[in-house]
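Trainee: I've just opened this one and could use a guided tour. Can we go through it piece by piece?

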Number of protein chains: 2
Amino acid sequence: LLGRAPTVGDFTEAELVAGIQAQLPPAPDWLVVGIGDDAGVVEPERNRLEVLSVDALVEGVHFDRRLTPPDAVGHRALAVNLSDLAAMGARPRLALLSLALPPDLTRSDFDAMVSGLGALAVRHRLHLVGGNLTRSSGPLMIDVTVVGTCKRRQALTRRGARPGDALYVTGSIGAAAAGLQMLKLAETNRGDGSRREACVRRYLYPEPRVRMGLLLARNRAASACMDLSDGLADAVHGIAEASGVGAAIDADALPIEAGAREWFETRGDDAVIEAITLGDDYELAFAAPPRWSGRLRAASRHGDAPLTKIGVCTKGPGVVLRRAAGDTLMPRGYKHFR
Amino acid sequence: LLGRAPTVGDFTEAELVAGIQAQLPPAPDWLVVGIGDDAGVVEPERNRLEVLSVDALVEGVHFDRRLTPPDAVGHRALAVNLSDLAAMGARPRLALLSLALPPDLTRSDFDAMVSGLGALAVRHRLHLVGGNLTRSSGPLMIDVTVVGTCKRRQALTRRGARPGDALYVTGSIGAAAAGLQMLKLAETNRGDGSRREACVRRYLYPEPRVRMGLLLARNRAASACMDLSDGLADAVHGIAEASGVGAAIDADALPIEAGAREWFETRGDDAVIEAITLGDDYELAFAAPPRWSGRLRAASRHGDAPLTKIGVCTKGPGVVLRRAAGDTLMPRGYKHFR
């Protein structure tokens, strides 16, 4: 009888926490104390290193609630973190969720957001062991901390690439950025509908390459790895800088998603530059010496994404983009804080 | 030559991260990969359980930048988390820091905030192993995830209290809430200056009771424990509900900070009700059976805070406040989300 949809401001913190708990799968046996005490308590996994990451999604910076359905907000908030674990070759284990909620967020949007996050967590056997709920005086913010595990000496860092290593990328690039542009322009229905829908879906529901990261780590098939959260150009620069090498990327080899290429070209943009400098792909870029190609084939055979060789590590310095028109320095996709 | 103080918006994310890294102490030997990769990698501590907590401070909800110096914002953001570890009897080990920064935050305020957090971390031998920096489209938000360790079967939960157990609180209560009121009214200089300063200081720089939590856990001196982040009334209700007991609190026994009592009474407020229902104290409330008094003395001898017996657990139901005027139901300090 409120005359409006119930919002999170109509509920107590305890009621909202209960709403989250109701969506959780049964507790794993390593969970000693779950949600509802001052902190979560867990039994560590034996003979494993722990891999920890935190990432935040802020409304108005990382997403627009008018363009992103609430379940996609939840999905993306966890996916960006799982992508970090994937880039380290880690198996997801647990998460903590910190939410700052504008009181006018509807309860059904809150439930859908938790549900989107929860569904991805279940698929990756990740258990929520704690969190925090607070009111926000401004935008909706979702902060997720994830902890994964990997075997000793199997963590994939950014710093092991050597000159002569080949550079690879999983899946395809550019789709998410094109999808976001389509959403912003409300042009998802023009042109080739199914190709465009694929791009929008890649933006809204990215699939972190957890399985491929694990396979690369276990097969010791990669000398360095980084995820593409800020775009391929940023990842190649990141690996090159951390490893102290250069790189040469072959523009013609880049696996640009067909719908994205079409979108960028129709708009008169350079599809290569757009696809490598825009972010949100959540694929993996990695380096591997040619003599490890057998290991790489083994990883690839059981993986969930195609691998494309896109270039090579050089003595450097610098990252070069090789195009038919000639070599150029690869743009950085340089992010200023503002 | 900007004509104004530099703000975080004038720097790149990498530059701000470097500013944080410059303040970190040398890496502990268990840190395999620190800040600067997709995720941190650590060697778990042998034969220990892990205790995890996350807590956020949101400008406009948990603090006002005009009243709280930036180093106090950083201190408080970590202190609220350390208090959760203390309440579980855990030893702090590592933290991840997620910051959402309004671009107009001055660089010097950013540095002071990081420094306030860093100084408290060093005192508790807590190492920062990762984090996230993003722009905020609204308020400043600081989200801290902490991980601590405790021995098996030594985690202090909320749920072990039994009828007949005595209830204790560490330190004194009411000071932080009174200090915040003084700050809001800019009345720190009236009345007894030093008593008021002590209250303001307790609000700005709370000392989490990490040492006392550890001693209670190691001596197995507490049957249940919870911190006072939302006030003593909330903590007693929390222990009672989780343990399935009632409680009776003796109002005359409450260790209300002298400056806080004076402040509340001068303003015509009921000092007892204010001191138990307002939050921000970061003391510990805990239960202990009378037969464990020897263990409790052992813990108390080496602790950093006085212990006061404030009541007893009953068969319940309900939490009663015993006053000279008669018994009343103890107010809840009930927090609605809005």
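Trainee: What is the order of the strands in the open sheet of 6 strands?

Mentor: A quick note on reading this predicted model: local features need pLDDT of at least 70, side-chain atom pairs count only at pLDDT 80 or more, and totals for chains, interfaces and linings use all residues. Residues are numbered from 1 along each chain as its sequence is written, chains are lettered from A and ligands numbered from 1 in the order in which they are written, and side-chain values use heavy atoms, with hydrogens and water left out. Helices (H or I, at least four residues) and strands (E, at least two) are DSSP runs numbered from the N terminus, and two strands pair if DSSP finds at least two bridges between them. With mixed pairing, the order is S1(A)-S2(A)-S3(B)-S6(B)-S4(B)-S5(B).

Trainee: Which strands stand at the edges of that sheet?

Mentor: Look for strands with a single partner strand, because one side of each is then left without a neighbour in the sheet. From one strand to the next, the twist averages 20°. The edge strands are S1 (31-33) of chain A and S5 (127-135) of chain B.

Trainee: In S6(B), what is the bridge partner of Leu49(B)?

Mentor: Strands of a sheet pair through backbone hydrogen bonds, either parallel or antiparallel. Here S3 (residues 49-58) and S6 (residues 141-150) of chain B pair in the antiparallel sense over 10 bridges. Across from Leu49(B) you'll find Cys150(B).

Trainee: At what angle to S4(B) does helix H3 of chain B run?

Mentor: Angles run from 0 to 180 degrees between N-to-C directions, with axes as lines fitted to C-alpha atoms, for helices over the stretch in contact. H3 (residues 107-123) of chain B lies across S4, S5 and S6 of that chain. Its angle to S4(B) is about 165°.

Trainee: What about chain A: which strands make up its open sheet, and in what order?

Mentor: This sheet has 7 strands, and its pairing is mixed. S8 (224-227) and S13 (326-329) of chain A stand at the edges, so one side of each has no neighbour in the sheet. Read across, the order is S8-S10-S7-S11-S9-S12-S13.

Trainee: Which residue in S12(A) does Ile249(A) stand opposite?

Mentor: S9 (residues 246-250) and S12 (residues 319-323) of chain A pair in the parallel sense over 4 bridges. Opposite Ile249(A) stands Leu321(A).

Trainee: How do the axes of H5(B) and H8(B) lie relative to each other?

Mentor: The axes of H5 (residues 193-204) and H8 (residues 258-266) of chain B come within 8 Å and cross at roughly 105°. Contact (heavy atoms within 4.5 Å) involves several residues, including Cys199(B) of H5(B) and Trp263(B) of H8(B). Angles of 65 to 115 degrees count as roughly perpendicular. H5(B) and H8(B) are therefore roughly perpendicular.

Methods. Angles under 35 degrees count as roughly parallel, over 145 as roughly antiparallel, 65 to 115 as roughly perpendicular and the rest as oblique.
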